[in-house]
There are 6 protein chains.
Amino acid sequence: MAESWLPSLITATPQEGFELAAKLARLGVKLTQPSAEIRDRLRSDYDEDTGQLIAASQVVAVHFQTVAAANNYWRD
Amino acid sequence: MAESWLPSLITATPQEGFELAAKLARLGVKLTQPSAEIRDRLRSDYDEDTGQLIAASQVVAVHFQTVAAANNYWRD
Amino acid sequence: MAESWLPSLITATPQEGFELAAKLARLGVKLTQPSAEIRDRLRSDYDEDTGQLIAASQVVAVHFQTVAAANNYWRD
Amino acid sequence: MAESWLPSLITATPQEGFELAAKLARLGVKLTQPSAEIRDRLRSDYDEDTGQLIAASQVVAVHFQTVAAANNYWRD
Amino acid sequence: MAESWLPSLITATPQEGFELAAKLARLGVKLTQPSAEIRDRLRSDYDEDTGQLIAASQVVAVHFQTVAAANNYWRD
Amino acid sequence: MAESWLPSLITATPQEGFELAAKLARLGVKLTQPSAEIRDRLRSDYDEDTGQLIAASQVVAVHFQTVAAANNYWRD
């Protein structure tokens, strides 16, 4: 992971902030399971499992809380 | 997802803020499982499963915490 | 849900704040499963299941954190 | 629950704050399952189940975060 | 638990703060299951169970968030 | 663990902050299960289990929230 994959938390809009939060959730998995081949193979284990889809949404929610605070809730 | 689905976190009332939080929780699932057809098919897997209903409520709670802070708790 | 079910986060006491947090946790379930008849039928699935009672208490805890911050921890 | 069971979040010490957080975690269960008889009967379902003991500790952690903020982390 | 087991949240370093967070996570279990003999007996139920090790790490993370805020992130 | 493994929460970039958060998540496991030999042996129990990969990502998310706040979201 030499390349720059998280230069900033600042985004132009809440929507971009939410997409960044989803990226951070995926990055959290990537740092634990670096193999893209394995992660792709595992997709079918969760993408129709509602319990895991809800759990994944929870991770996005925590990251979105961080990104929203970083952007002062896009109030400026 | 080219269209604008999250223009702002600011809402007029706590109730609208809570509804936005529920929308964000669903969006977190949508970004992980983009297929509306699959998400609709999966509904019966959780909408009468109390463990998953509680977990979904937890995701709403985290998002509502974010939205409430964004709106300064509607104290103004 | 046309009626007003969340006019404010401000409460007179921490106790009322905790009760509001419990209401918000239930509202999170209600927004996902709108049928009162189904929710009532499902009660026996969790009200003697300690894992789910703990998970429900977690949702109340997140909402109470939000309500407490909204009320400046009732320090005024 | 007419009596006053949560007059304040302010405590003299972090230790009292942690005990209040544990009380709030139990209150979250009590509001969902009001019957003391049932809650006592269910104790053996979790008090030697490490998964549930960890989950209960998580609820205490969220409430302690709230109580600690309420007391300005007992820095005054 | 008459003795003083949580005099302060203030620590000299982030490392001590992280160790305090781990102590708080264990204290949350101790308040729910006061018997040291039972807690010791149960250790083998989780110390090689990755799901529970991850859940325990989550509790430490919430407490560390509290302790870090209490210490102004050791920036002073 | 005499050596210094957490000197500071301050990092130069969000990316380093995210990597620190992942380190903290692993440290939370290490404090609960100090044996590197056991932790290595257990890796295969979670590194292809999507439920646990999501749960691990959640722990990273909580720690990243802490690290991001410590660094004032790298806005300076």
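How many helices and how many strands are there in chain A? There are three helices and zero strands in chain A, where helices (DSSP runs of H or I, at least four residues) and strands (E runs, at least two) are numbered from the N terminus. Read along the sequence, the pattern of chain A is α-α-α. Along the principal axes, the C-alpha atoms of chain A fill a box of roughly 40 × 35 × 15 Å.

Before I continue, a word on the source. This is a predicted model, in which local features need pLDDT of at least 70 and side-chain atom pairs count only at pLDDT 80 or more, while totals for chains, interfaces and linings use all residues. Residues are numbered from 1 along each chain as its sequence is written, chains are lettered from A and ligands numbered from 1 in the order in which they are written, and side-chain values use heavy atoms, with hydrogens and water left out.

I begin with chain A and chain B. Here 24 residues of chain A are in contact with 36 residues of chain B, contact meaning heavy atoms within 4.5 Å. The size of an interface is often given as the accessible area lost when the parts come together. Between chain A and chain B, the buried area is about 2500 Å², and carbon and sulfur atoms give 64% of it; buried area is the accessible area (1.4 Å probe) that two parts lose on being put together, summed over both. Q15(A), F18(A) and I54(A) supply 24% of the area that chain A buries against chain B, more than any other three residues.

Now to charges. Side chains of opposite charge can pair when their charged atoms come close. Between chain A and chain B the count is one salt bridge, that is, a side-chain nitrogen of Lys or Arg within 4 Å of a carboxyl oxygen of Asp or Glu. The partners are E48(A) and R41(B), with their closest N and O atoms 3.1 Å apart. Across this interface of chain A and chain B, the rule also finds 13 residue pairs in polar contact, both residues at pLDDT 80 or more. A polar contact is a pair of N or O atoms within 3.5 Å; within protein, one must be able to donate a hydrogen and the other to accept it, and residues adjacent in sequence count only if both atoms are side-chain atoms.

Which elements give two or more residues to the side of chain A that touches chain B? They are α1 (14-32), α2 (36-46) and α3 (50-70) of chain A. The largest share, 12 residues, comes from α3(A). By class, this side of chain A has 13 nonpolar, six polar and five charged residues; Ala, Val, Leu, Ile, Met, Phe, Trp, Tyr, Cys and Pro count as nonpolar, Asp, Glu, Lys and Arg as charged, and the others, Gly among them, as polar.

Let us look at the third helices. Two packed helices are described by the angle between their axes and the distance between the axes. α3(A) and α3 (residues 50-70) of chain B pack at about 10°, with their axes 9 Å apart; axes are lines fitted to C-alpha atoms, for helices over the stretch in contact, and angles run from 0 to 180 degrees between N-to-C directions. α3(A) and α3(B) are therefore roughly parallel to each other, the term for angles under 35 degrees. Among the residues making the contact are I54(A), A61(A) and F64(A) of α3(A), and A55(B), V59(B) and H63(B) of α3(B). The contact of α3(A) with α3(B) has nine nonpolar, 10 polar and no charged residues.

I turn next to chain C and chain B. In this pair, 36 residues of chain C are in contact with 24 residues of chain B. Chain C and chain B bury about 2500 Å² between them, with 64% of it on carbon and sulfur atoms. The count of salt bridges is one, joining R41(C) to E48(B) at 3.1 Å, N to O. Across the interface of chain C and chain B, 13 residue pairs are in polar contact. α3(C) provides the largest share of the side of chain C that touches chain B, 11 residues. That side divides into 21 nonpolar, 12 polar and three charged residues.

Finally, some other chains. Helix α3 of chain D and helix α3 of chain E pack at an angle of about 10°, their axes 9 Å apart. No contact joins chain A and chain E, whose closest C-alpha atoms lie 12 Å apart. Chain C and chain F likewise have no contact, and their closest C-alpha atoms lie 14 Å apart. Over all chains, a search of the whole structure finds 18 salt bridges.

Definitions and conventions:
Angles under 35 degrees count as roughly parallel, over 145 as roughly antiparallel, 65 to 115 as roughly perpendicular and the rest as oblique.
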